[in-house]
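Please look at the structure first, then read the points below.

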Amino acid sequence: MRKQYLRQLIWRLKKRNNSRFVKHTTNKVAAKDFEQEPIAVVGMSGSFPMAKDLEEFWENLKAGRDCISEVPSLRWDWKKLYGDPVKERNKSNIKWGGFIDGVDQFDPLFFGISPREAEFMDPQQRLLMMHVWKTIEDAGYSAKKLSGTKTGIFVGTADTGYSRLFSYEDTSIEGYSATGIVPSIGPNRMSYFLNLHGPSEAIETACSSSLVAINRAISAMRDGTCDMAIVGGVNTLVNPDFHISFNKAGMLCEDGRCKTFSDKANGYVRGEGVGMLLLKRLSEAEKDGDHIYGLIRGSAENHGGHANSLTSPNPKAQADLLVTAYKKVGFDPRTITYIEAHGTGTELGDPIEINALKAAFKELYQDYGISHIEERHCGLGSVKTNIGHLELSSGIAGVIKVLLQLKHKTLVKSLHCETVNPYIKLEDSPFYIVQEAKNWETCKDESGNDIPRRAGVSSFGFGGVNVHIVLEEYIPRKTVRTTASNQNSVAIVISAKNEARLREYVELLLSHISKNNLTDADLRDLAYTLQIGREAFDERLGVIVSSIQELKDKLKGFLENKEKISDLYYGQTKRNKDLLSIFSSDDEFQETIDKWLHNRKYTKLLEIWVRGLWVDWDKLYVNEKPTRMSLPTYPFAKEKYWVPKGKSKKFDINPVELSQNSIKEEVDFKQASVKTVERQIVNPLEIGTETEFFTKTLEKPKGISLINLSPDMEKVYVKDVGNHLDIKVSAEESKHSEAESALSAESDKKKIISGQALEEYLLESLAEVLNLSQGDIDPHEKFIDMGVDSITGVNWVQAIGQKYGITIRATKIYDYPSIKEFAKYLEKELYKNDLIVSGKDNSFTTPDKSTYTSLQNPVKEEAMYTQPESETSGEVLESQKAISVDIEALQASLAACLADVLNIDENQIDVSEKFVDMGLDSITGVNWVGLINQQYGTSIKATKVYDYPNILEFSTFLQKEIEKMGQTPNPVLHLSADEILMKVQSGLMNIEQAEELLTRLGYEE
């Protein structure tokens, strides 16, 4: 034994000496300091078949539960596809799988995503986002704590085929279709949402994806690329394509049971699951008081190279992988007491993996000078026997299983292996199969001290990528814990987005306290974790307690709606915005809060906290910080988002599809079909006559089905004559507005503009798009150097095209890359399209006010303009009065329209809430502003939603824009037939008015 110990010591010294003369530094810290430092797992979250969280997952493992079931109807109808895969086309005789609950559930507004977009998001993106958040909270960190850090996200994920379900349902392609299905967007969304600056990568190496993700994260942390990392994998089964393919390839078992190591092994059963871990360097985790599930001591990755076939395993490569992993960490092979095998349950695949393990450990034993294996000390198991093969997330499922076994010091049973596969020979090896649950015993060193439990996890991709991770039990340092009684009392804070979420959160916390038998010794850690490890949301609850029992009693009282609970505080930040605005920037008040913190004035602190003021709870713990602990994470809303069933979205214009329940009656016209709507959006433009041009109600349109009319429709002019509308249809030759006809005939109704005027407009509009002052823009400078990218370029060019009535390709900004060049190009295009004549004037000529004929309004309201008399009839066709905007009605209209765009209930719209917090992004923002422009005849840029970031501010801006229209003819009052139908679609005209106008055009019933 002494000789073996000396050999081990010499081998370790050789490893150190090989690299002692080379130093690489990153951020003034020697890279070798990170090379072998253990990586701590400080947070984790997951959901697996028949287990919504890791507590249920452990209970299933401990009980030896088989979690396989028939394919649920939400995924596909297996009965319709059931058949002989050999004889029948696109048939499968596999009806089994491991499925997670809630794959169609999401809480999009929590992440600032609109419900409309959520429908188009692959379920794997949604699960990834929720479990990344839960992992961070489980570690005892708030999102703000990670913001701006070099935290990386590495996740095994891939295309699930969710996008193909849209084809099956004949659903329209939307702007979200691409971002919803591209796998890399999943981790990228969370890096964006959390403001993380480390790598953000989707990794796909088939079945080894999630362990490759861990290996990449370890490398990035050890070379200084990132300080922390979130790693994991996610796998869902949303359509039967792979089921059919794998079945035809002979990979799946007909009985739906993965029988790893068994003589009855006949293939695997597919499964779903998601698992995430938060990783930190051990030294930093200990310094920060993190709770640690276990340590990752090392990892290795390779490829099988040219094996028998692409999908055949290479036992030599697998053995080399294991030797590399364990030599990196320098462990005595006798201290490895469990291996979570890849173990897919195939007749030949399992023996190949066992033979690779035996070859690798034989070499490791020889390197340690051990010639004889004294006992079988290393158990083998596979989680696939419980939950199936989770493919992309199979590796992370194995790692989480081992971490839970370390936590509970128990090895759980590997199922369906009553008789071992005869090709598996375990004689003269250190291995045995864990066929019954047992205590996980520790090894002893020469002094009789316990050695931390050690294990390995293997994962092999069917394309040849192999990974092995080495795990070790964490032995915490002994510390003296301070109980609440030493500090008299603690402040417990809980918050959520709304009351329903808050109440569920309280229920979860109460359940956790009971299940885990928390005591008064845990109370200080519990309070600390909730204070500094959770975001503070709108709905807030605070209690002051000095014992666990007191906490339970007060939380139960809250759930039972008991009144006058002592030292319990409840509030909502939205109701106290005036208070927030007054005190948030008050330096003196912040000093007062600091004094309250120093003196532990919990009553005062909770009174202001529940009203929305920020409290830096960390200042309570200046001398000694408690330990973060694992507590229930945020209870996301369980709203259903799945593929829309065969209908276009409400705001598609060509055509707009109606749900049947929104139709009251149908009115047929010659070339158009208009369907009446139940609800119409209020129009805040008050014309002030007895006959209102717009219907005033606070309800939203359900949608209208339209067929495009001829582009050559005549214009309609409306004259307000007291109690009725006098409608005139212009002659074919009078297609231009009456105001334009006042210009000289020689100009052929064209506007006169110069290149200089175009330059001025382009400069002004580009400055607005880029949020620059006009003085910062040089007309000769290249667009790309000013920050014009593909998105701003498209927006800018579209606005130009809308202003001048032409179509310009966005790529023209690359052909004419400065304002000077682009203005010359634009001038030629306008002239070619007969929209301008060349002139020396520096601006457009506009009709003088004197060209309009004054009209006495019968209601005696001051008319700003009237249309000129018709050249043919001599009648005044239209009067236009000063526009008065009802701001409250305008806000109601905007809220109703926004609710439709975001696909949420109108009651969820808070006019003071920021658009980004309601899920409005660049795509929905463009759609919403486009609808506003259609309704009110404005030309507002979509970027204005960033300048005026809520309905209160945006409505004030829009009010001014609408009132500006009083200086020009109101576009709403002279319409083509197409435009009339559009007004009905957007709720600005009722069906009777549309019918009357279209009848005048000759489209009778």
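Which residues in H30 meet which residues in H32? Trp928, Ile932 and Tyr936 in H30 meet Phe954, Leu958 and Ile962 in H32, where meeting means contact, with heavy atoms within 4.5 Å.

This is a predicted model: local features need pLDDT of at least 70, side-chain atom pairs count only at pLDDT 80 or more, and totals for chains, interfaces and linings use all residues. Residues are numbered from 1 along each chain as its sequence is written, and side-chain values use heavy atoms, with hydrogens and water left out.

**The chain overall**
- The chain has 34 helices and 35 strands; these are DSSP runs numbered from the N terminus, helices being H or I with at least four residues and strands E with at least two.
- Of its 1005 residues, 54% count as buried (under 20% relative accessible area, 1.4 Å probe, protein chains only).
- Among contacts with a separation of 6 or more, 76% join residues 24 or more positions apart.

**H30 and H32**
- Helix H30 spans residues 922-936 and helix H32 spans residues 951-964.
- They pack at about 35 degrees, with axes 12 Å apart (axes are lines fitted to C-alpha atoms over the stretch in contact; angles run from 0 to 180 degrees between N-to-C directions).
- The crossing is right-handed (the near helix is turned clockwise from the far one by less than a right angle; anticlockwise is left-handed).
- The contact of H30 with H32 has 6 nonpolar, no polar and no charged residues (Ala, Val, Leu, Ile, Met, Phe, Trp, Tyr, Cys and Pro are nonpolar; Asp, Glu, Lys and Arg are charged; the others, Gly among them, are polar).

**H18 and H20**
- The axes of H18 (residues 499-515) and H20 (residues 548-559) come within 10 Å and cross at roughly 150 degrees.
- H18 is therefore roughly antiparallel to H20 (over 145 degrees; under 35 is roughly parallel, 65 to 115 roughly perpendicular, the rest oblique).
- Their crossing is left-handed.
- Residues of H18 in the contact include Leu502, Val506 and Ile513, and those of H20 include Leu551, Leu555 and Phe558.
- By class, this contact has 10 nonpolar, 1 polar and 4 charged residues.

**H6 and H10**
- H6 (residues 123-138) and H10 (residues 185-194) pack at about 45 degrees, with axes 9 Å apart.
- H6 and H10 are therefore oblique to each other.
- Their crossing is right-handed.
- Contact residues include Met129 and Trp133 of H6, and Met190 and Phe193 of H10.
- The contact of H6 with H10 divides into 10 nonpolar, 2 polar and 1 charged.

Methods
Buried < 20%, exposed > 50% of the residue type's maximum accessible area, 1.4 Å probe, protein only.
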